[in-house]
Every structure is written in C-alpha cells, then in structure tokens.
Amino acid sequence: MFTAFDSKTRKQLAAAISCISIVGIGLSLVIPLLALRLEAAGFPARANGLHIAMTGAATLIGAPLTPVLARLLGVRVLLFAAIALGVAALMGFAFVPDYRLWLGIRSLFGLSLTIIFVVSEFWISAAAPPARRGMVLGLYATVLALGFAIGPALLSLTGAQGPLPFFVASALIAAAAVPVALAGADATVKMEGNAWPRLGAIFSAAPVALAASLLYGAVETGLNGLLPVFGLRAGFPQGWATFQLSIIALGNVVFPVPIGLVADRVKKIRLLGFFAIFGFIGALALPAFVTDSTTYAAALFIWGGIIGGLYPVGLAILAEKFHGAQLASANAAYIMMYSLGMIGGPPALGLGLDLASPRGLFDALAVMFLAYLVLIAAIAGPFRAKRSGG
C-alpha cells in the first residue's frame, strides 16, 4: 500500500506506525487488566473510572510539553526515554501491591504513552502525502486496532493474576524501540511547537475535529476500562467479558482503511456526523442483544469499527488545516482533548454503570454521542453560515 511513496516516506511511515502499534498491544492488555484487578478487589465502577482518568490527567500535562522535549532531545531520544519510562511503570504495577499507589504509577505510565502517541502521530501526519493522508491515517488506525485486538487476547492467556501479564506488557512496550532504532536517520523528523498550544485558537479553527478527539477519548478509554466490568455484571464469564474488547478492536481493524478512503473523497465533517448518529443508535440498541452472543458480537464488531473512525478522521482534518510547527501544536492539542475525554468520560460512564447496572454504561455512551451530534448541528447544520473544516 506504500508502494506509491518514495523510500524515505515508506521507511518513516513504517517505523512510526509499527512503534505506536506495538505500544497499543501493551496498552490494551494493561487497561482491562487493571480494571479486572480493581473490580475483584471490590472497588465500585466509578472508582475504576477515576483510575483511568489519572492517565488522562498525565496526558493533559504531557501532550503540550512533548514538542518542546522533542526539540531539546530529538525525536529518537525522546521516544526511547518514553518507552523506558513505560517499562518502569509496568514493573511498578507488578511489584507494588497497594492500589492507592497505583494512581501515581498510572500517571507515569500515562505520561509515557502520551509522549509516544504525540510524537508518532505527528510523524505519521507530517510524512503522509496530503492527497493520501486519509488512507494513511486509516491504515495507521487499522494497525493500531490490530494491536488493541491482540492485547485482550494475550490477557486471556496470561490471566489477570500475578505479575506475568505485567511482564508481557513490559516486553511489548520495550519492543516498540526496535522500529525506531531501525529507522535510523529517518527518525530525525523535526517537531517544533510552543510549550502550551493555544487550545482556544486551535479549537476555534477546528472545533468538530477536536471535539471528536474529546468524545473518542471518553468512549475508547471508558470501554477499555469498563466494558469488561459491564460483561461481568451482565453475567458473562471473565474470558468473554474481556474478549468484548478484542471484538471492538477487530472492527477497528476492518473499517478504518475504507473509512479513510471515503474521507479522502467526501466532506469530513459530514462523516463525523454520521459516526455520531450511528454511535447514538448503536449504544441504545446493543444492550438488547446481550442474551444472544452471536448477534451481540456482530453488532459490537460493526458498532465499534465504525465509531472508531472518529479519531483518524478528526486527525485528518487537523492535518489539512495546520502545517509544520502549527501541526505539532495542533497534534498536542488533539491529544490534550483526548486526555480531557479520558478524565471526564470514564468516571461518568462508571457512574452510569453503577446507577443502572449493567445497561447504564451504554445509556451514558448514547448521551455522549448525542451531545456531539448537537455540537455538529450547531456548528455546521443547515441553519448555520457556511464555514470550512471541522
């Protein structure tokens, strides 16, 4: 699929996508693992959501600082340092039994992941040819989703008890350094930007795109942390409760490239509006299917795969509007919005799950999609003045 690109572009895209996707495997193993540990320890779902929100808080701090660190240290050195910090945090989870201390460890883990994601996504957006950017970002989302499908499957093999799953996740995070090392001089992409991006100005230029990141941060992290809890409360065995995440991730393997190809040909804000409508309807309908595992799995696969288009399509809008140092700042702002979703979304979804267990999780998701749809209608609806972008 990269054959139309020159060798340097192919090498950069392959290295950046490989790095972030290997991290995705480790991340998708760790999030449900921590959720299952906290549920087994008797914590309410809202406390579980608060744990996830700590990662978002670390992201909110780390995202705007990443361009500055990249300028001071260089992209390769910064990626190596972030990977090392992630491995150290996972070792902390493995050897520190106090769940209260996990809040601090989770913040360090979140900081590590933030740096890796900000740098890798900037690298991908900057290297992708403008005419093929939607396709490239769709491919990135596909490969990342494949990593997210592998993580829960690995967890079902390692089990949720003992240090073994943390050791496996550590090995995966460490392996992300390999493609960065192999990229050599091609990994010296320049990443510049101010320490604190002007979030208000960036939001004003692309409000629907940044709101897509906010929504997806709430939805993705909320589902990763709480969908296994939903499954347990709905009466699923633990293996099936966790495997739900692999079903969603497999949907994200299948759909992003076709979505990216469509995004290169249609008005992207309309595509985001379709995702909002589909997400709203699907969230209301899914709990009705839980008694039929085949129908539920198929519906979860399609729903998860389509709403997964929110993130890469929003990212493609940013890459259309911003370039160079502005793109680095916009990318940091995009991940800051994702982190705000991580902070506010999981506790809200956990509260919904506690108030109306188990379907309250999906009811709360429906409210989030509806709110995003209202925003799109307010900004780009038929009664608004025409404006470009998203």
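## Helix packing, aromatic contacts and a cis peptide bond

Q12 is found in helix α1 (residues 7-40); helices (H or I, at least four residues) are DSSP runs numbered from the N terminus. The model is predicted, so local features need pLDDT of at least 70 and side-chain atom pairs count only at pLDDT 80 or more, while totals for chains, interfaces and linings use all residues. Residues are numbered from 1 along each chain as its sequence is written, and side-chain values use heavy atoms, with hydrogens and water left out.

**Q12**

- With 10% relative accessibility, Q12 counts as buried (under 20% relative accessible area; exposed is over 50% and partly exposed lies in between, with a 1.4 Å probe and protein chains only).
- Q12 lies 114 residues from A126 in sequence, and their C-alpha atoms are 9.8 Å apart in space.

**Helices α12 and α16**

- Helix α12 (residues 268-285) packs against helix α16 (residues 360-380) at an angle of about 155°, and their axes are 8 Å apart. Axes are lines fitted to C-alpha atoms, for helices over the stretch in contact, and angles run from 0 to 180 degrees between N-to-C directions.
- That angle makes α12 roughly antiparallel to α16 (over 145 degrees; under 35 counts as roughly parallel, 65 to 115 as roughly perpendicular and the rest as oblique).
- The crossing of α12 past α16 is left-handed, a term for a near helix turned anticlockwise from the far one by less than a right angle, with clockwise being right-handed.
- On the α12 side, the contact (heavy atoms within 4.5 Å) is made by residues including I269, L272, F275 and F280; on the α16 side, D363, F369, L373 and I376 are among them.
- By class, this contact of α12 with α16 has 17 nonpolar, two polar and one charged residues. Ala, Val, Leu, Ile, Met, Phe, Trp, Tyr, Cys and Pro count as nonpolar, Asp, Glu, Lys and Arg as charged, and the others, Gly among them, as polar.

- The peptide bond from S357 to P358 is cis, with omega near 0°.
- P358 is placed in the loop between α15 (324-355) and α16.

**Helices α9 and α14**

- Helix α9 (residues 207-233) and helix α14 (residues 310-321) cross at roughly 155°, and their axes come within 8 Å.
- α9 and α14 are therefore roughly antiparallel to each other, and α9 passes α14 in a left-handed crossing.
- In this contact A209, L210, A212, S213, L215 and Y216 of α9 meet L310, Y311, G314, I317 and L318 of α14. The residues comprise nine nonpolar, two polar and no charged.

**Helices α2 and α3**

- The axes of helix α2 (residues 45-73) and α3 cross at roughly 120° and come within 7 Å.
- T66, L69, A70 and L73 of α2 meet V75, V77 and L78 of α3, and the contact divides into six nonpolar, one polar and no charged residues.

**Aromatic pairs**

- The whole structure holds 17 aromatic pairs. Rings of Phe, Tyr and Trp (its six-membered ring) pair if their centres lie within 6.5 Å; planes under 30 degrees apart count as stacked, over 60 as edge-to-face and the rest as tilted.
- F93 and W102 form an edge-to-face pair, 5.3 Å centre to centre with 80° between the planes, and both residues are buried.
- F93 also pairs edge-to-face with F109, at 6.2 Å centre to centre and 80° between the planes. This pair links distant parts of the chain, with F93 in helix α3 (residues 75-95) and F109 in helix α4 (residues 99-127), 16 residues apart.
- The relative accessible area is 2% for F93 and 3% for F109.
- One aromatic cluster is formed by F93, W102, F109 and F166.

Note on methods: Helices (H or I, at least four residues) and strands (E, at least two) are DSSP runs, numbered from the N terminus.
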